[in-house]
Amino acid sequence: MRTATFDDVPAVAGTLARAFGDDPAMAHLLGGTEVQRIPRLERYFTAALRVQHLEHGLCFTDDDRAAASLWDPPGHWKMTIGQIVRGSRWLIPAFGTRTPRALRALSVMERVHPTEPHYYLAVLGTEPSRQGHGLGSAAMQPVLERCDAEGVPAYLESSKESNVPFYARHGFEVTGEIPLPGGPSLWPMWRPPRVP
């Protein structure tokens, strides 16, 4: 795995879009069929990469861009109004008339987000045809190692209950359930740093 750059955005956004095509939360937020959601998800992940996550240097991908993890360092997990405005050229076409629904979901997630300093795994995705080969684990590893070295916890929200065991293998524990307004639930997960 290597640090992702702005040159990787189109390929990584495409990989993440395909990885999240069948995601229950994204289906609720974007509507339509999986095929219809893919281009809208590409716009969403383009905005997420360009205006929020890449600037921290904590996004990782492989040379094939078949997997990616988008992390934020302590204190930088919340998307600012300025970032939303800068990303609007991608976000508005992505969410369209469902933008209010997406903003309500974001508000619900922000209200329960931990206040203790932590690294935030905002997105982890692998090309569907490459899932199950360790790429997702490898994409998380650089920041999990940093968490352990610095003694800092990590946090994420799993949008698929079936992914909870995968994250548990990496030390994350479910801390509750976040029902999205009128939609599916997310599973918040916390990982204390591992002491060598």
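Predicted model: local features only at pLDDT ≥ 70, side-chain atom pairs only at ≥ 80, totals over all residues.

Residues are numbered from 1 along each chain as its sequence is written, and side-chain values use heavy atoms, with hydrogens and water left out.

Select Tyr-120 in strand β4, residues 119-126; strands are DSSP runs of E with at least two residues, numbered from the N terminus. Tyr-120 is buried, at a relative accessible area of 9% (buried means under 20%, exposed over 50% and partly exposed in between, with a 1.4 Å probe and protein chains only). Beyond four places in sequence, its contacts (heavy atoms within 4.5 Å) include Trp-71, Trp-77, His-113 and Tyr-155. Arg-169 is 49 residues from Tyr-120 in sequence, and their C-alpha atoms are 17 Å apart.

Next, select Arg-191 in strand β8. Arg-191 is buried as well, with a relative accessible area of 2%. Display the side chain of Asp-148: a polar contact of 2.8 Å joins it to that of Arg-191 (a pair of N or O atoms within 3.5 Å; within protein, one must be able to donate a hydrogen and the other to accept it, and residues adjacent in sequence count only if both atoms are side-chain atoms). Among the other residues that Arg-191 touches, beyond four places in sequence, are Pro-153, Gly-171 and Phe-172.

Finally, move to Pro-192, in the segment after β8 (185-191). Pro-192 is partly exposed, at 37% relative accessible area. The C-alpha atoms of Pro-192 and Phe-172 are separated by 7.6 Å, at 20 residues apart along the chain.

Technical notes. Helix = DSSP H or I, 4+ residues; strand = E, 2+ residues; numbered from the N terminus.
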